[in-house]
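Good morning. Please look at the model on the screen while I go through a few points.

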Amino acid sequence: MSVNYGSKRIVVGAHYGLRDWLSQRVTAALMALFTVVVLAQLIFTKGPIGYAAWAGIFSSQWMKVVTFSVIVALIWHVWVGVRDIWMDYVQPVGLRLVLQVFTLVWLVGCAGWGFQVLWRL
């Protein structure tokens, strides 16, 4: 007889649960903290906020490193969320694989573009 509860429960699935839940929370907290830092810098910026002010905010090395980390966190956050959507709602395995590959390629492209913009300043 197969027992599907208690300590003898048969576990199925990809087993991503806790790791994905925690990564979503950590990346979200990092992005929220980054938003607060950028808003604080904008609030305390003297004069008009134009290209020069934005370039000044992101020109220091520590801000580039923090922004780089946030871009990586954003890409990871999006990947976990979209991958879970594809796994939950797209049943044909071939279509799910195509959507996951497209998502990865798109996210890598977005990250590359973000890094290019960031390091060009």
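Trp21 sits in helix α1, residues 17-43; helices here are DSSP runs of H or I with at least four residues, strands are runs of E with at least two, and both are numbered from the N terminus. This is a predicted model, where local features need pLDDT of at least 70 and side-chain atom pairs count only at pLDDT 80 or more, while totals for chains, interfaces and linings use all residues. Residues are numbered from 1 along each chain as its sequence is written, and side-chain values use heavy atoms, with hydrogens and water left out.

Trp21 counts as partly exposed because its relative accessibility is 45%. Buried means under 20% relative accessible area, exposed over 50%, and partly exposed in between, with a 1.4 Å probe and protein chains only.

Now the whole chain. The chain has four helices and zero strands, in the order α-α-α-α from the N terminus. Of its 121 residues, 26% are buried.

Next, the aromatic rings. How many aromatic pairs does the structure hold? There are three. Rings of Phe, Tyr and Trp (its six-membered ring) pair if their centres lie within 6.5 Å; planes under 30 degrees apart count as stacked, over 60 as edge-to-face and the rest as tilted.

One of the pairs is Phe34 with Phe58, tilted, at 6.5 Å centre to centre and 45° between the planes. Phe34 lies in helix α1 and Phe58 in helix α2 (residues 51-59), so this pair ties together parts 24 residues apart in sequence. Both Phe34 and Phe58 are buried. Ring pairs link Phe34, Trp54 and Phe58 into a cluster.
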